[in-house]
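Here is my note on the model, as numbered points. Please read it with the coordinates open.

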Amino acid sequence: MFQLKNYINGELVPPASIQYIDNFEPATGKIYAQIPRSDKADIDKAVASAKAAFPAWSKMRTEERSAIIMKLSDLIEENLDRLAEAESRDNGKPLWLAKSVDIPRARDNFGFFGTAIKHFASESHRTGEGLINFTTRTPIGVAGCVSPWNLPLYLFSWKVAPALAAGNTVVAKPSEVTPMTAYLLSELCIEAGFPKGVFNIVHGLGAEAGNAIVEHPDVPIISFTGGTSTGAHIARTAAPMFKKLSLELGGKNPNIIFDDCDFDKALKTTLNSSFANQGQICLCGSRIYIQRGIYEKFRDAFVDKVSKFKVGNPMADDSRMGAIVSEQHFEKVKSYIALAKEEGGTILTGGEAVQLDGEFAEGWYLRPTIIEGLDENCRTNQEEIFGPVVTIQPFDTEEEALALANSTGYGLASTIWTQDISKAHRMADTIKAGIVWVNCWLVRDLRTPFGGMKNSGVGREGGWEALKFFTEAKNICIKY
Ligand code: NAD
């Protein structure tokens, strides 16, 4: 059985405990690799090596740091097919999706921050005659980065790239559910020529390896993406230690479709925004609100298209959807479908597992599911399901749509479909979400602030926001 290794102090090493966790292939439900079950001893080693590497890395000329990060970006491009296959196998997502979105985006994350750091500037103010204020932005130290399983290399690189570009050294932990591409990345880091200890990748469970990063006194800055309850736990540990903290958490995003939308475009995009990556994207819209005038027409067309989705082998080109990431998550999503029925919902399509044949017979496949007849206060509409399950509900007025959109504790993303520009602005202005898409979805510009309000997180990633987060501002006032 293939055993992954940790990447510590520039080398691929087994965990100190020599304990491993099974790594499953969602498409077959079978174990296909083993992951280091790292603990505090491994994290201590990784943090010590990152701390030792910090002075040289943080003082290195920006161009030299950038060149190493750009080399890693190039190596991801050279290994795109291999990485995409690994991502699809580890996560269950369709190979075409990993090839067209996940891995290109991981490449671009390093490329974006590798160049952004060369343009990152701080301010200077002439306060008066003989008085000048200027601000320096310096790297902080060892950054702890913890990422989830849904977009494994994409989100992992989204954190570590700005942390490294800004001059921090890094101890990062990918999700134990999908560790493979981060492991392959560690091989590429050696090839890219990262100095020893600058970038460390440690595998293991959240409660063990993850917690050891968050608790470590020599890790003053934490960037976390994952579930809201994990985020709350991390905040409880990190806040009394006054660590700098960025939390990108769960969502329950509304999709608001007005009568005056471009019907075909709204329908086509809603198919994606509901079920891309088996609905396991924090930005997927899971509550679809449709204005009464087009409710039935939209519902029927939506149900018709979704009922024809092919769910199957993630490696097959014609699989629109692949497998759910793990048995535990598969059971969780099914339990929410059962809950929706108990709460009085009607399943319009889906609602059940898909039984495939042969080697895929034990895989975790679910039909995309659309539920009608639930109000906004029920648990199905309040709690994050994070799978191929959406609810639909009609509304009459703009005020009602806004109230529905803002009716959960989350505030990550939202989508509005209308041809009325004033209405779009009014909605976008008042909706409580960090990201609003009007007449589109998942259009990403890496310069924009990314993050959520309310229970969806604290802080923003992306562009200058990320480089500001990963640096400490100091203002120096000089009288001359
Ligand atoms: P999770 O919170 O279970 O785990 C995320 C990461 O945290 C994993 O690496 C895990 O090992 C680690 N972890 C778990 N407990 C920890 C602890 N006590 N201390 C330190 N680390 C710990 O989340 P998940 O199930 O992997 O991912 C799904 C969640 O992530 C969903 O809620 C989804 O909405 C959210 N998510 C949010 C964004 C965003 O940008 N806001 C993006 C993707 C996913």
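The points below start with the ground rules and then go through helices, loops, contacts and surface.

1. Ground rules. This is a predicted model, where local features need pLDDT of at least 70, side-chain atom pairs count only at pLDDT 80 or more, and totals for chains, interfaces and linings use all residues. Residues are numbered from 1 along each chain as its sequence is written, and side-chain values use heavy atoms, with hydrogens and water left out.

2. Helix α1, length. Helix α1 covers residues 40-59, which is 20 residues. Helices here are DSSP runs of H or I with at least four residues, strands are runs of E with at least two, and both are numbered from the N terminus. From first to last C-alpha, α1 reaches 29 Å, close to the expected 28 Å. The expected span is 1.5 Å times one less than the number of residues.

3. Helix α1, start and kink. Asp39 caps the N-terminal end of α1. A side-chain oxygen of Asp39 lies 3.1 Å from the backbone nitrogen of Ala41. Further along, α1 has a kink of about 45° at Ala53, shortly before the proline Pro55. The bend at a residue is the angle between axes fitted to the seven residues ending there and the seven starting there.

4. Helix α1, burial. Which residues of α1 are buried? They are Asp42, Ile43, Ala46, Val47, Ser49, Ala50, Ala53, Phe54, Trp57 and Ser58. Buried means under 20% relative accessible area, exposed means over 50%, and partly exposed lies in between (1.4 Å probe, protein chains only).

5. Helix α4. Helix α4 runs over residues 95-119 and has 25 residues. Its C-alpha span, first to last, is 35 Å, close to the 36 Å expected. α4 bends by about 25° at Arg105.

6. Positive phi. Asn277 has phi near 55°, a positive value in a residue other than glycine. Asn277 sits in the loop between α9 (263-275) and β14 (285-291). Asn277 counts as buried because its relative accessibility is 2%. Lys454 also has a positive phi, near 50°, and is likewise a residue other than glycine. Lys454 belongs to strand β21 (residues 453-454). At 36% relative accessibility, Lys454 is partly exposed.

7. His329. This residue is part of helix α11 (residues 327-342). His329 has a relative accessible area of 8%, so it is buried. What does the side chain of His329 reach? The backbone oxygen of Phe386, at 2.8 Å. A polar contact is a pair of N or O atoms within 3.5 Å; within protein, one must be able to donate a hydrogen and the other to accept it, and residues adjacent in sequence count only if both atoms are side-chain atoms.

8. Two C-alpha pairs. Val389 lies in strand β17 (residues 389-395) and is buried at 4% relative accessibility. Gly226 is in the loop between β11 (221-225) and α8 (228-238). Gly226 counts as buried, at 17% relative accessibility. The C-alpha atoms of Gly226 and Cys477, 251 residues apart along the chain, are separated by 40 Å.

9. Strand β5. Ile31 is found in strand β5 (residues 30-36). With a relative accessible area of 35%, Ile31 is partly exposed.
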